[in-house]
Amino acid sequence: MAVPARLASFWATFLRRTGRAEDAPFYEAFAFGDTESLANGLAELVLREVKRATAGSAWTYEAQGKSLPKRGDLSIVTDWAGTPLCVIETEAVDVVPFGEVCATFAAIEGEGDGSLSFWREAHRQYFTRECIRIGRLFSEDMPVACERFRVVYRPCGDAA
């Protein structure tokens, strides 16, 4: 995937400031969640390094014709308006059924109170909406891509 033209300058600055090669493995540019408040709130957690993981429906990746991210992939996190905020690097991705996501992952994802019960309720709601958009039904068995990442660049100071 190519870096979107509107983010090319941000990406070029990231490459220059971190000494990465021009062919660094760009994966995507995205905002978390499906609402402005969710996207901006989750982005703030990433910038504070409270949120170090994210979960996505493997069905959605499939519906979009996208491969799952893999270790070393780099993504630009934006706010809801599309303003680039930072670059994250994927450290690992494990695909597990929704009902088997563990408390450790929920805590690393850093949302709400960090508990598994909060994670399950918030993600059940989110994945139900997402499933509707792609013509599927939420299930406790649905495959979830549990991605762990780290912030490797932010304009106000490098995290790498």
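1. Which residue lies over the face of W59, and at what distance from the ring centre? R136 does, at 3.8 Å. A charge sits over a ring if NZ of Lys or CZ of Arg is within 6 Å of the ring centre and within 35 degrees of the ring normal.

2. Some ground rules. This is a predicted model, where local features need pLDDT of at least 70 and side-chain atom pairs count only at pLDDT 80 or more, while totals for chains, interfaces and linings use all residues. Residues are numbered from 1 along each chain as its sequence is written, and side-chain values use heavy atoms, with hydrogens and water left out.

3. Start with strand β1, residues 26–30. Helices (H or I, at least four residues) and strands (E, at least two) are DSSP runs, numbered from the N terminus. Four of the five residues in β1 are buried. Buried means under 20% relative accessible area, exposed means over 50%, and partly exposed lies in between (1.4 Å probe, protein chains only).

4. What is the partner of β1, and in which sense do they pair? The partner is strand β3, residues 74–78, and the sense is parallel, over four bridges. Two strands pair if DSSP finds at least two bridges between them. F26 stands opposite L74 in β3. In a regular strand, side chains alternate between the two faces of the sheet.

5. Look at S75, also in strand β3. S75 counts as buried because its relative accessible area is 4%. Leaving out residues up to four places away in sequence, S75 touches Y27, E28, F30, C86, V87 and I88. Contact means heavy atoms within 4.5 Å.

6. Now the charges. Side chains of opposite charge can pair when their charged atoms come close. The whole structure has 13 salt bridges. A salt bridge is a side-chain nitrogen of Lys or Arg within 4 Å of a carboxyl oxygen of Asp or Glu.

7. E28 in β1 has such a partner. K66 forms a salt bridge with E28, and their closest N and O atoms are 2.5 Å apart. The two are 38 residues apart: K66 is in the loop between α3 (58–63) and β3, and E28 is in strand β1. E28 counts as buried, at 15% relative accessibility. K66 is partly exposed, with a relative accessible area of 24%.

8. E89 and R20 make another salt bridge, with the closest N and O atoms 3.5 Å apart. This pair also links distant parts of the chain, 69 residues apart: E89 sits in strand β4 (84–97), and R20 in the loop between α1 (8–18) and β1. Are the two buried or partly exposed? E89 counts as buried, at 15% relative accessibility. R20 counts as partly exposed, at 25%.

9. K51 returns here, in a salt bridge with E111 whose closest N and O atoms are 2.7 Å apart. E111 is in the loop between α4 (103–109) and α5 (116–134), while K51 is in the loop between α2 (36–47) and β2 (53–57), 60 residues apart. Both E111 and K51 are buried. Elsewhere, salt bridges that share partners join R20, E89, E91 and R150 into one network.

10. Next, the rings. How many aromatic pairs does a search of the whole structure find? Ten. One of them is W11 with F26, an edge-to-face pair at 5.1 Å centre to centre and 80° between the planes. W11 is in helix α1 and F26 in strand β1, 15 residues apart. Rings of Phe, Tyr and Trp (its six-membered ring) pair if their centres lie within 6.5 Å; planes under 30 degrees apart count as stacked, over 60 as edge-to-face and the rest as tilted. W11 and F26 are buried. One aromatic cluster is formed by F10, W11, F14, F26 and Y153.

11. Last, the cysteines. The structure holds zero disulfides. A disulfide is a pair of cysteine sulfur atoms within 2.5 Å. C102 is partly exposed, with a relative accessible area of 40%. C86, one of the contacts of S75, counts as buried at 1% relative accessibility.
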